[in-house]
Amino acid sequence: MRIRITSIMVDNQEKALRFYTDVLGFQKKHDFPVGDYKWLTVVSPEGPKELALEPNANPAGKTFQEAMFAQGIPVAAFEVDDIRYEYARLKARGVVFTNEPAKAGPVTIAVLSDTCGNLIELYQPA
Amino acid sequence: MIVTRETFRRLCRARDLLVEIPEERLSIAEIAQKIDVSPFHFIRQFQSLFGVTPHQYRIRSRLDRAKLLLATGEHSVTDVCMEVGFSSLGSFSDLFTRRIGTSPSAYQHQARVSVQVPGTLPQKLFPGCLSLMGCLPPTAFRNFREARLTTAR
């Protein structure tokens with residue numbers, strides 16, 4: 001058993017692909033049309049784990065996603081080497097942060113909006 | 001841009017208001033007023049946070065709701081049109097067809113024929129978590145295996 005793919009729900013797959021590649025810097029891995037949607041995954045240039053950008057078409061998923069967002073709860077966390085650098089880089093690209101970098105126990109975290117209905121946490125280990 | 005906790009809360013409140021379909025629909029300017037932000041800043045901040053303008057968000061929400069109502073098969077196209085806040089069947093059908101790629105009645109028919117169990121939503125139109133994986137061609141899984149083998153080397 002291995003962790004190979006994890007997923008995140010997005011309100012628009014095309015918009016999500018642009019954000020996760022052009023803005024965050026991930027790379028598109030798979031893009032298969034499946035009916036009205038796509039099997040769409042991205043990978044970090046630094047690792048093989050895939051992140052599926054899955055449509056939030058199911059009302060149950062949408063309700064969950066909206067509630068998590070409204071409560072300010074991130075649905076995924078990405079590790080970075082230098083959070084201050086990433087914060088400045090992404091802010092310059094127009095990314096909205098709800099939390100600027102701050103120490104939280106053994107990590108420094110920041111939280112951003114992926115513009116697709118999710119809050120994403122960036123963390124830098126101490 | 002950094003949004004404060006209060007601005008974030010207000011924008012989430014605005015998002016809820018955009019989705020609501022009351023008798024008297026609030027305009028974008030009225031929603032901005034309700035959350036104590038100028039219309040200009042409301043539109044700019046909303047778009048930065050949610051990736052679409054308030055108007056686009058409202059339209060998308062109404063069409064998503066329409067898709068759901070059509071798929072459950074308990075409403076006529078006219079009922080759905082009214083239920084999601086359109087007053088003209090023609091403009092609803094036209095917008096739905098342009099955005100979704102099929103007319104409301106064709107969408108309803110498509111949903112009906114793909115429902116396996118009465119009362120459930122068609123998986124094809126309303127996929128659950130990671131369920132799209134089951135619809136991939138065999139080559140996709142070969143790609144996964146090849147990627148794993150490449151990584152293992």
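User: Which residue in β7(A) stands opposite A:Asn99?

Analyst: This is a predicted model. In it, β6(A) and β7(A) run antiparallel and are joined by 5 bridges. Within that pairing, the residue of β7(A) opposite A:Asn99 is A:Val111.

User: Which residue takes a positive phi in the hairpin of β6(A) and β7(A)?

Analyst: The hairpin has 2 residues between the strands. The positive phi, near 65°, belongs to A:Gly105.

User: How many bridges join β7(A) to β8(A), and which residue stands opposite A:Thr108?

Analyst: Strand β7(A) covers residues 107–113, and β8(A) covers residues 119–125. The two run antiparallel, and the bridges between them number 7.

User: Why is A:Lys38 classed as partly exposed?

Analyst: A:Lys38 lies in strand β3 of chain A. A residue counts as buried at 20 or more other C-beta atoms within 10 Å and as exposed at 12 or fewer, with partly exposed in between. A:Lys38 falls in the partly exposed class because its count within 10 Å is 19.

User: Which residues does A:Lys38 touch, leaving out those up to four places away in sequence?

Analyst: A:Lys38 is 10 Å from A:Asn12, C-alpha to C-alpha, with 26 residues of sequence separation. The residues that A:Lys38 touches, with those up to four places away left out, are A:Gln13, A:Asp31, A:Phe32 and A:Pro33.

User: Which elements give two or more residues to the largest nonpolar core?

Analyst: This core has 21 residues, and those with the most contacts inside it include A:Ala110, A:Leu122, B:Phe46 and B:Leu49. Chain A contributes through α3 (83–92), β7 and β8, and chain B through α1 (5–19), α2 (28–34) and α3 (39–50).

User: Which residues of chain A is B:Leu49 in contact with?

Analyst: B:Leu49 is among the residues with the most contacts inside the largest nonpolar core. Its contacts, neighbours within four places aside, include B:Val3 and B:Leu11 in chain B.

User: How many nonpolar, polar and charged residues are on the side of chain A that touches chain B?

Analyst: Chain A gives 28 residues to the contact and chain B gives 26. Elements that give two or more residues on the chain A side include β2 (27–34), α2 (59–70) and β6 (97–104). By class, that side holds 13 nonpolar, 10 polar and 5 charged residues.

Conventions. Residues numbered from 1 in each chain as written. Chains lettered and ligands numbered in written order. Predicted model: local features only at pLDDT ≥ 70, side-chain atom pairs only at ≥ 80, totals over all residues. Contact = placed C-beta atoms within 7 Å. Helix = DSSP H or I, 4+ residues; strand = E, 2+ residues; numbered from the N terminus. Nonpolar A, V, L, I, M, F, W, Y, C, P; charged D, E, K, R; others polar. Pairing = 2+ DSSP bridges. Core = buried A, V, L, I, M, F, W, Y, C linked by C-beta atoms within 7 Å.
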